[in-house]
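Subject: Handover of a structure and notes on its sheet and salt bridges

Dear colleague,

Please find below the sequence and structure that I am passing to you. My notes on the findings follow directly after it.

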Amino acid sequence: MYNEPLIFSITGLSIKAANSPITVPITSRLKFSNGTNNLVAHDGARIQALRDRRKHEKRVPLINDHTIYVIPVDIGNPPRTYNLALDSGSANTWVGCGNQYQSTSTSFCTDRPVAVTYRNGYFSGIEYIDTVTVGPGLTVVRQSIAVAHDWAEAYEAYDGILGIGPVALTLGALTKTLAEPIPTITNNLHNQNTIPKDVLGIFFKPYGGLMLETTGQLTFGGTDSHFYNGEIVYTDITREEPASDYWGINQSIMYGTTEILETAPGFVDCGATYIYIATEAYELYEAATGGEYDDETQLLVISEDQYSALQELKFIIGPQTYILTPDAQIWPRSLNTLIGGEANAIYLIVRDLGTDIGEGDSDFINGYVFMQRFYTVFDATDSRVGFATTSFTEATTNY
């Protein structure tokens with residue numbers, strides 16, 4: 001039986017000056033069904049998709065159909081609103097499941113077939129050119145979208161997908177012209193001088209409380225200094241494939257004073273919930289923390305005494321070190337039962353990637369729990385990813 005996804009909705013107004021970054025407030029709600037939400041299984045699908053990319057020698061978009069962020073997008077004139085899943089591991093925008101696409105005065109069918117296969121699903125359809133608005137002041141004219149006529153059942157919880165990954169991930173989607181890329185919505189907002197750069201700034205507030213709500217901000221075209229502290233430090237997109245096709249970076253990791261992962265390629269992905277590291281690094285972390293594998297949650301569980309002794313987890317990215325405090329290394333205890341855990345247990349959010357160091361396509365994935373603690377910038381203009389601390393970097397929200 002299909003499990004209804006964990007959904008985050010993006011709503012609100014924005015403030016815009018001419019050709020300036022535009023910030024859209026995000027209101028998020030965790031939505032569970034059937035008692036628990038198996039985040040691990042769906043993160044696993046993304047990891048397998050990355051491995052399939054190497055196997056098939058093509059770019060495999062990563063769609064997480066369980067932890068999603070839904071943004072209302074207006075298409076056409078008069079506009080019709082579609083709730084699209086926001087995903088940084090893919091780059092195609094398509095509609096058709098749920099709220100059916102309707103042609104308007106701005107719609108043009110190119111009759112070119114489009115098809116994308118994800119690890120945990122697929123869609124196929126026809127390319128249309130239309131007017132697309134992702135927020136006040138954020139309108140693209142003549143945007144390529146796909147109108148799906150076939151799709152995986154898992155996607156019926158929303159109306160389609162808005163991909164915010166690098167443009168290169170669209171290669172192969174146009175089935176008759178495989179080498180032709182499709183400009184993303186952020187790419188076209190920049191090309192049409194609506195925003196100054198092909199950049200996305202992302203702020204997420206950590207989970208917390210029993211209301212199962214969290215808020216954040218998505219900035220198109222740049223960054224918003226209201227939501228981070230100090231300076232943003234950038235690192236170039238890694239040159240190592242396949243991480244280079246995504247928002248991929250190089251980093252090393254230390255637990256306390258011990259290096260558990262030498263500098264290696266991986267990527268940052270808001271669609272993966274947890275932090276994943278190569279098996280050897282994970283085993284070092286497991287031994288150092290004293291965590292024991294929990295079958296129900298598939299996470300490491302530690303005692304109160306072990307939590308008191310937990311050391312900092314340090315991510316060395318370029319010239320900067322980003323620190324996860326003990327609180328940032330655990331799953332919010334207020335949400336334990338929703339992932340099948342015990343209410344008062346302490347679960348760590350670092351998981352095994354399933355491949356040894358240097359033997360897989362990536363040695364780490366910094367997922368949503370990492371991005372909750374650090375303002376993140378996806379900069380396609382200068383091929384880089386940036387991070388900065390926020391007011392929640394050292395906050396105690398999970399214990």
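A salt bridge is counted here when a side-chain nitrogen of Lys or Arg lies within 4 Å of a carboxyl oxygen of Asp or Glu. By that criterion, the structure contains six salt bridges. Please note that this is a predicted model, and that the values below are therefore to be read together with the predictor's confidence in each residue.

Confidence

The mean pLDDT of the protein chain is 85, and 82% of the residues reach at least 70. Two stretches call for caution. Over residues 1–17 the pLDDT stays under 50, and the model has 77 contacts beyond four places in sequence for this stretch. Residues 53–66 also stay under 50, with 65 contacts beyond four places in sequence.

Salt bridges

Arg-112 and Glu-180 form one of the salt bridges, with 2.9 Å between their closest N and O atoms. Arg-112 lies in strand E6 (residues 108–118), whereas Glu-180 belongs to the loop between strand E9 (160–163) and helix H2 (185–191), so this pair ties together parts that are 68 residues apart in sequence.

Asp-327 is found in the loop between E19 and strand E20 (346–347), and Arg-373 in the loop between helix H5 (368–371) and strand E23 (374–379), so the contact ties together parts that are 46 residues apart in sequence. Are these two residues buried or exposed? Asp-327 is buried, at a relative accessible area of 4%, and Arg-373 is buried as well, at 1%. These values count as buried because the class covers residues under 20%.

Asp-382 and Arg-384 form another of the salt bridges, at 3.8 Å from N to O. Asp-382 is partly exposed, with a relative accessible area of 39%, and Arg-384 is partly exposed at 21%.

The seven-stranded sheet

The model has an open sheet of seven strands with mixed pairing, in the order E19-E18-E13-E14-E22-E15-E21. Its edges are formed by strand E19 (320–324) and strand E21 (350–352), each of which pairs on one side only. On average, neighbouring strands of this sheet are turned by 35° against each other, direction ignored.

Within this sheet, strand E13 (residues 248–255) pairs with E14 in the antiparallel sense over seven bridges. Asn-250 has Pro-265 in E14 as its bridge partner. E13 and E14 make up a hairpin with two residues between them, and Gly-256 in its turn has a positive phi of about 65°.

Strand E14 (residues 258–268) also pairs with strand E22 (residues 364–366), here in the parallel sense and over two bridges. Phe-267 stands opposite Ile-365 in E22.

Yours sincerely

How values were computed: Residues numbered from 1 in each chain as written. Predicted model: local features only at pLDDT ≥ 70, side-chain atom pairs only at ≥ 80, totals over all residues. Heavy atoms only, no water. pLDDT = per-residue confidence, 0-100. Contact = heavy atoms within 4.5 Å. Pairing = 2+ DSSP bridges. Helix = DSSP H or I, 4+ residues; strand = E, 2+ residues; numbered from the N terminus. Axes fitted to C-alpha atoms, helices over the stretch in contact; angles between N-to-C directions. Buried < 20%, exposed > 50% of the residue type's maximum accessible area, 1.4 Å probe, protein only.
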